[in-house]
Structures are given as structure tokens and as C-alpha cells.
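Please have the sequence and the model at hand while reading.

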Amino acid sequence: MYLTLAFPIYVTLSLLLSLSEGAPTMLPRTDSDVVVPAKRLTPIQIKEMYKGKTPANFHCKKGNENSPDMQKIVAAFQKKTDEGAISKEEVRGGFFGTVINHPQNGGLEVHKRWVVKTLDEQSSLRLMMELDGLERVGQLVACDVMKPSPDEKQVFYITMKKIEGPTLEQIPRGVPFHVLTQEGAEAKAKWGEIKTKIVERLEHIARKYHVGYMDINKGNIKLQGKSLEHGKFGIGVIDWGYSGWIPITPIAGAEQKKEIDSYMAYAERAVTNVIKEVEALAYKGGPRSSPLTSSPNSLPPPSLEPSPQNSHTNSPNGSPKAQTPVSLPHTSNAVTKADKSGK
């Protein structure tokens, strides 16, 4: 009987002594400790976000048909099916739109140039989310609405800041990027540095602009600068289209921290996968960069600020594909203020 009572007393004393001696204790993990990676917005969430709004809320206005630049822009997009223009990359098609260089680029400095894009899908939601994303990160230049001809529906021409430099999938075999194509310890370290800089850039965007960039892939991340020496290159991000980003609360506090932590859990995983994929691609020798979307001999912007734009050139079959621009039905309120009724 005495032995039976002594055993639990001994166990209890042993536990108390172990705690007093600093032995580690495992507390149960709660759900609040787990960071759930962010997800893209659903079509229903996007529809709710833009309820009662029109493209006019994002500075879309009637274009000046007498403007020489506007005439050149319209003429350039009319070449979207011209094989010669496509081969010279005067016009390029992506998953959801067609992109050209702005007519004024010849007189503008590098990193101050523009591109113009039209969307191919007849969706005001897709248009507004792209305009909204570009405006939030300070990259929207203008949105002009034009009817290319009396027989055509109105077309939205989005002018945005151009991002210089090759995408990760377009790593050239030039001197500045030679190290990335030579498998070994040096290349491994440099790819690791690039990965870190991409994650830092995405976190910078999330914290400064309150936007979480979701469309992380090798065709949307660019290297900027003529050298990959530490501190001499930057990261550019392109494609702020439909479902390509999520809003983050701009008010500092617990909710913002939670949203950023959730976003970064998604971003870090996505960047890791992209770097793993593109590193293997670089060792095999990827395609050279193109004149429309790259300028490997130019320095990055002094501030190394992100300069997103929409010139993703991939098509489902792996080559540029010209597409029809978005043409929404012409209505009296197409470029007027939002309907206050919210319908």
C-alpha cells in the first residue's frame, strides 16, 4: 500500500524538479501559430471588389483620334496578325493580350519607357483588375478608349511603364549572365542570391504598396542591370492582370501582419519552385532575350523600385501568339463614373 502511494508522489516530484532545472517543455501548438499561405482571389471575390465600378474609375478616357501617337498605336495593333511584324517583335501576344512599344520610346531614357497593351477577353472585370493593380503600384500611365474604325467596337489601350531586362526564362549567354549558365558552386550561390532578392522585392511591394503579387513564374520575373555583382542588379515584376494579385490592408496592425505573413508563406514557396525550375533551364541554355521586353546592357533604376507591367510573352504553345484586343460593347456609361446603385 505504501509503495503504491509513493510511486505517484515520486513521479510528481521528479517532474517538478526537472522543470526547476530548466528542462524543455513542449506546449501544444495552436491554430494561431500556423501561417496559412495566401490564395488567389476567386471570381466571386473579384466581382464583389469591383461592384458598381467601371473603367472610368481607373482613369480610362476617350482617346484623341487626332493625336499622332494615338494613330501610331492603333496602326501598330492592326499588325497583330502580320507575320512580319510578329517576327520582328514589333507586336507581341501573350496569354491575355497584345503588347507594343510606345511610339515615344525612341526619345525616352531607359527605365522611363512605356509599353501599350490591349486585352483580348471581353471582360470589364479583367480590365479593371489590371488597371487597378497597375495603379496601386504606380505603374499605370494612361488608359485610352478608341474605336479603331466605325465598324469596330471600342478598344481599351493601356499605357504602362516598361520593365527592362530579360525574364528568368530568357537568360541570355551574354557576359553579364554567363555565370548563371555554368553549373557549379558559383552559379548555385548566385541563383541563391537571386532567389533572396526576388523574395525581398515581393515583400517590399507588399509592405509599401499593400499588394501581394501572386502570378510568380519564370516569365514574370526580370533581372535588371548589366552585372550580377552584389548590389548591381535589381528585380522587375510584370503582369498585374486578372487574379494576379491580392489586396493587403493598408492599416498597420495585427491584421496587416497576418496578411503579409500569409502572403510571404505563399511567395517564398513559389519563388523556391521557380528558381529550381529556371536554374535547371539555364544550365541547358535558355533562349536569348528579346528587344521588346529586355535591355540587358542597361542599369537598373537608381531606386531599384519594382516597375511592373504586362508584357508576358508566353503563349500556351510556347511561342508568341497575336490575339484580338478586348472590345467591350459601346454604352453610354462605358467611360463614365460608376453607377451609384452598385448594379
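The points below cover the nonpolar cores, the aromatic rings and one lysine in a loop.

The structure is a predicted model. Its largest nonpolar core holds 61 residues, and a second, separate core has nine. The structure also holds three aromatic pairs, two of which are described here.

**Nonpolar cores**

- In soluble globular proteins, nonpolar side chains tend to be buried together.
- Among the 61 residues of the largest nonpolar core, W191, I216, L223 and Y263 touch the most other members.
- Helix α7, which spans residues 254–284, gives the most to this core, with twelve residues.
- Because domain 1 (43–161) and domain 2 (168–284) both give residues to this core, it lies between them.
- Leaving aside residues up to four places away in sequence, Y263 touches A38, L202, A206, G212, Y213, M214, I216, I246 and I248.

**Aromatic pairs**

- F77 and Y157 form a tilted aromatic pair, with 5.5 Å from centre to centre and 50° between the planes.
- This pair links distant parts of the chain, since F77 belongs to helix α3 (residues 68–77) and Y157 to strand β6 (residues 154–161), 80 residues apart.
- F77 has a relative accessibility of 4%, below the 20% limit, and therefore counts as buried.
- Y157 is likewise buried, with a relative accessible area of 3%.
- The ring centres of Y213 and W240 are 4.9 Å apart and their planes stand at 55°, so this pair is tilted.
- Y213 lies in strand β7 (residues 211–213) and W240 in the loop between β9 (234–237) and β10 (245–247), so the pair ties together parts that are 27 residues apart in sequence.
- Y213 and W240 are both buried.

**A charge over a ring**

- The charged end of K197 sits over the ring of F233, at 5.3 Å from the centre of that ring.

- K162 is placed in the loop between β6 and α6 (185–209).
- With a relative accessibility of 6%, under the 20% limit, K162 counts as buried.
- The side chains of K162 and N101 are joined by a polar contact of 3.2 Å.
- K162 and W114 are 48 residues apart along the chain, yet their C-alpha atoms are separated by 4.6 Å.

Definitions and conventions. Residues numbered from 1 in each chain as written. Predicted model: local features only at pLDDT ≥ 70, side-chain atom pairs only at ≥ 80, totals over all residues. Heavy atoms only, no water. Phe/Tyr/Trp six-rings, centres within 6.5 Å; stacked < 30°, edge-to-face > 60°. Helix = DSSP H or I, 4+ residues; strand = E, 2+ residues; numbered from the N terminus. Buried < 20%, exposed > 50% of the residue type's maximum accessible area, 1.4 Å probe, protein only. Lys NZ or Arg CZ within 6 Å of the ring centre and 35° of its normal. Core = buried A, V, L, I, M, F, W, Y, C linked by side-chain atoms within 4.5 Å. Domains from an automatic or database assignment. Contact = heavy atoms within 4.5 Å. Polar contact = N/O pair within 3.5 Å; in protein donor to acceptor, adjacent residues only side chain to side chain.
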